[in-house]
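Good morning. Please have a look at the structure on the screen, and I will go through it from the overall layout down to a few residues.

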Amino acid sequence: MKLSLLVAVRAFVRLARQTTTVFAVTAFLAAAGALFADGLFKAEGTAVSAPSVWALAVASVLPLLVSLLTMRLWSDDGIAERAESDLVVPVPERVFAIGRFAAAYFAVVTAVALALIAPLIVLPVCSQALSSQLK
């Protein structure tokens with residue numbers, strides 16, 4: 001378990017340093033924010049709650065974020081890391097798979113948390129009607 005955690009941390013750090021990750025997360029946040037704002041305007045005057053509008057906005061662009069983040073982790077640049085690790089300590093393939101899956105999971109959870117924090121901070125300040133739904 002400790003070895004897969006080490007692989008996950010290394011993969012997450014490598015993923016966080018890549019510019020493609022920054023662009024993918026930025027595009028995800030922008031798209032989710034735009035869809036959330038559009039959903040709020042469309043749901044005005046209806047019985048639809050703000051959390052359900054947020055969930056729909058995030059869920060519609062989440063598969064794109066997941067595919068962009070995991071694409072880099074499973075590309076050929078991981079082979080160099082695998083060869084380097086095998087020279088030091090023999091590591092089974094399942095440990096690398098678990099570690100990369102965990103790194104992608106942490107990256108997606110971080111991006112979704114950022115997409116949740118912004119509305120929770122901004123909306124209660126801007127709209128008193130929505131502040132009761134977001135508490």
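**Overall layout**

Along the sequence, the pattern reads α-α-α-α-α-α. This is a predicted model, so please keep that in mind throughout. In terms of secondary structure, there are six helices and zero strands. The protein has 135 residues, and 33% of them count as buried. If we take the contacts with a separation of 6 or more, 76% of them join residues 24 or more positions apart.

Now to H2 and H3. Helix H2 covers residues 19-42 and helix H3 covers residues 50-73. How are the two arranged? They pack at an angle of about 160°, and their axes are 8 Å apart. Angles over 145 degrees count as roughly antiparallel, so H2 is roughly antiparallel to H3. The crossing of these two helices is right-handed.

Which residues meet here? From H2 there are, among others, Thr20, Thr21, Ala24, Phe28, Leu35 and Phe36. On the H3 side, the list includes Val53, Trp54, Val58, Leu65, Leu69 and Arg72. By type, the residues of this contact divide into 18 nonpolar, four polar and one charged.

**The core**

Next, the nonpolar core. In soluble globular proteins, nonpolar side chains tend to be buried together. Here, the largest nonpolar core has 23 residues. Those with the most contacts inside this core are Phe28, Phe36, Val58, Leu65, Leu69 and Leu73. Which elements give two or more residues to the core? They are helix H1 (2-16), H2, H3 and helix H5 (93-126). The largest share, eight residues, comes from H3.

Take Phe28 as an example. Val58, Val61, Leu62 and Leu65 are on the H3 side of the contact between H2 and H3.

**One threonine**

Last, a residue in helix H2: Thr21. Is Thr21 buried or exposed? Its relative accessibility is 9%. Buried means under 20%, so Thr21 counts as buried. What does Thr21 touch, not counting residues up to four places away in sequence? The answer is Leu15 and Leu69.

Conventions
Residues numbered from 1 in each chain as written. Predicted model: local features only at pLDDT ≥ 70, side-chain atom pairs only at ≥ 80, totals over all residues. Heavy atoms only, no water. Axes fitted to C-alpha atoms, helices over the stretch in contact; angles between N-to-C directions. Helix = DSSP H or I, 4+ residues; strand = E, 2+ residues; numbered from the N terminus. Parallel < 35°, antiparallel > 145°, perpendicular 65-115°, else oblique. Left-handed = near helix turned anticlockwise from the far one by under 90°. Contact = heavy atoms within 4.5 Å. Nonpolar A, V, L, I, M, F, W, Y, C, P; charged D, E, K, R; others polar. Buried < 20%, exposed > 50% of the residue type's maximum accessible area, 1.4 Å probe, protein only. Core = buried A, V, L, I, M, F, W, Y, C linked by side-chain atoms within 4.5 Å.
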